[in-house]
Amino acid sequence: MSDEQKAGTARAARLFDVRRVIGGLFTVYGVIVTILGIFDSQAAIDKAAGLRINLWIGLGMLALGLLFLLWQWLRPAEAPEPSDIPPAGRLPE
């Protein structure tokens, strides 16, 4: 396998890394819920026993999403070696 093919395989492995998808979704939803929590009405705060639940849950989701993205950035996914991949139609033994 040439260096160019290895680079393409590694790029594809990083692109489809599930940590990127989970981190991105939690980050986006965390931002949305945090903004909703900042602008909660008094009725919503009273309904949650005086706690700005949307704000705290949004901040938690945002932190979790950023942790996933940081993890993916610090330890990127590596493509498996071609010898580790079984040929098409054969199950590993």
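**Exercise 1. How much accessible surface does the chain have, and what share of it belongs to carbon and sulfur atoms?**

Start with a word on the model: it is predicted, so local features need pLDDT of at least 70 and side-chain atom pairs count only at pLDDT 80 or more, while totals for chains, interfaces and linings use all residues. Residues are numbered from 1 along each chain as its sequence is written, and side-chain values use heavy atoms, leaving out hydrogens and water.

Step 1: the accessible surface (Shrake-Rupley method, 1.4 Å probe; for residues, only the protein chains shown count as cover) is about 7200 Å² for the chain.
Step 2: carbon and sulfur atoms account for 67% of that surface.

**Exercise 2. Find the helices and strands of the chain.**

Step 1: count DSSP runs, taking H or I of at least four residues as helices and E of at least two as strands, numbered from the N terminus.
Step 2: the chain has 4 helices and 0 strands, in the order α-α-α-α from the N terminus.

**Exercise 3. Decide whether Leu55 and Tyr29 are buried, partly exposed or exposed.**

Step 1: recall the cut-offs: buried is under 20% relative accessible area, exposed is over 50%, and partly exposed is in between (1.4 Å probe, protein chains only).
Step 2: Leu55, in helix H4 (residues 53-74), counts as buried because its relative accessibility is 18%.
Step 3: Tyr29, in helix H2 (residues 18-38), counts as partly exposed because its relative accessibility is 46%.

**Exercise 4. List what Leu55 touches.**

Step 1: a contact means heavy atoms within 4.5 Å.
Step 2: leaving aside residues up to four places away in sequence, Leu55 touches Val33, Thr34, Gly37 and Ile38.
Step 3: Gly37 is 18 residues from Leu55 in sequence, with 3.9 Å between their C-alpha atoms.
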